[in-house]
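Subject: Structure for you to look at

Hi,

Here is the structure I promised to pass on. Have a look at it first, and then read on for my notes.

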Amino acid sequence: MTLDLQKNIFLLLTFILSTFNQQLSAQTNSSDFQLSGTTIIARDVKLSATWYRKYLDIAIKEYKPQQHVKMQTGDFNLLIKQGKSIMLKSQIKFPKGKKYVNGITKIGFSTNKFEEVKEKLQASNQKLIEDVTEDKNLDMRFFLTTDPDGNQVQIFDKPNPVDSVITKAMFFSITSSDYINTMKWYEENIDFTEIQTVDESKIHYQNLLHKGDVIFEIIHLPYESLETTEFMPLGRELASFDELKFKSGAGKSSTFEMDNNANKVRWMR
């Protein structure tokens, strides 16, 4: 066997091994990938924390009045921060020709107590934006409600016969007038992949992606939408989902701080 042939065989084997390791790493990354945290800017941290504890059984771990509340369910951490001179989305005065706001618009949780959560919300006269609906693309039932600041919270049905409540953060939604580049950013930077569409009724304004068990919804906005910097007065804050955190494996190092729409995003890996 000539020396050149030996070199070529060695290079080929090295390439094959490298490709295999990359694929194995991607599969491992995907299987342990999770939505590990969200930060909310709230007008009243006590009111907001009470809502998430009462209806979603998320435990309060630390409470500092007028400052913040730290909450947890499983490996998911919810940080609720007291806002300064808060503005609700319902209070936004849109400039002429503008109707929508870009940003993180929904967080979603699966629960094994789906009907109980819905009944508890309705018994307390909490508003349901969308009643129980079957999402054929996700093969899951869900309903949509709002927290005390008007942030949209999507609840998914994940049956489990155990008596204890299992609440898992597994969904987020971003509204974007540049949805093509938003999808590209999450595909290239966090390895999300698009979900095959079964029901095409929302195809003109929605894309669904996933990585492992985490589902990402992109809502297409027309160009009449706003960035928060266009309407927020100085010294005021918008009641909203302010940051998303993802985690893979031990989650010892952090990569990037903002996506292409300037949403705060952190991936611990």
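This is a predicted model: local features need pLDDT of at least 70, side-chain atom pairs count only at pLDDT 80 or more; totals for chains, interfaces and linings use all residues.

Let me begin with helix α3, which spans residues 114–123 and has Phe114, Val117, Lys118 and Leu121 as buried residues. Looking down the α3 axis, you'll find those buried residues within an arc of 95°, so they line one face of the helix. Turned away from that buried side is a face with the exposed residues Glu119 and Ala123. What do the buried residues of α3 pack against? Their partners are α2, β7 (103–111), β8 (128–135), β9 (140–146) and β10 (152–157). After α3 comes asparagine 125, with a positive phi near 60°.

For orientation, the protein chain has 4 helices and 19 strands. Of its 269 residues, 42% are buried. If you take the contacts with a separation of 6 or more, 63% of them are between residues 24 or more positions apart.

The buried residues in α4 are Thr182, Met183, Trp185, Tyr186 and Ile190. Down the axis of α4 they fall within an arc of 160°, so they line one face of the helix. Ile180 and Glu188 are exposed, on the face of α4 turned away from its buried side. As for packing, the buried residues of α4 meet β11 (167–176), β12 (193–194), β13 (206–211), β14 (214–220), β17 and β19 (264–268). Just after α4, aspartate 191 has a positive phi, about 65°.

Now the strands. There is an open sheet of 7 strands with mixed pairing, and its order is β2-β3-β4-β1-β17-β19-β18. The edges are β2 (59–64) and β18 (254–255); each has a single partner strand, so one side of each is left without a neighbour in the sheet. Within this sheet, β1 (residues 34–42) and β17 (residues 240–247) pair in the antiparallel sense over 7 bridges.

Last, the aromatics. The structure holds 18 aromatic pairs. One of them is phenylalanine 76 with phenylalanine 109, edge-to-face, at 5.6 Å centre to centre and 85° between the planes. This pair links distant parts of the chain, with phenylalanine 76 in strand β4 and phenylalanine 109 in strand β7, 33 residues apart. Phenylalanine 76 is buried, at a relative accessible area of 3%, and phenylalanine 109 counts as buried at 2% relative accessibility.

Phenylalanine 172 and phenylalanine 192 form another edge-to-face pair, with 6.0 Å centre to centre and 75° between the planes. Here, too, distant parts of the chain are linked: phenylalanine 172 lies in strand β11 and phenylalanine 192 in the loop between α4 and β12, 20 residues apart. Phenylalanine 172 has 0% relative accessibility and counts as buried, and phenylalanine 192 is buried with a relative accessible area of 2%.

Which residues form one aromatic cluster with these two? The members are Phe33, Phe172, Trp185, Tyr186, Phe192, Phe216, Phe246 and Trp267. Trp185 and Tyr186 are also among the buried residues of α4.

Best wishes

Notes: Residues are numbered from 1 along each chain as its sequence is written. Side-chain values use heavy atoms; hydrogens and water are left out. Two strands pair if DSSP finds at least two bridges between them. Helices (H or I, at least four residues) and strands (E, at least two) are DSSP runs, numbered from the N terminus. Buried means under 20% relative accessible area, exposed over 50%, partly exposed in between (1.4 Å probe, protein chains only). The arc is that of the directions from the helix axis to the C-beta atoms. Contact means heavy atoms within 4.5 Å. Rings of Phe, Tyr and Trp (its six-membered ring) pair if their centres lie within 6.5 Å; planes under 30 degrees apart count as stacked, over 60 as edge-to-face and the rest as tilted.
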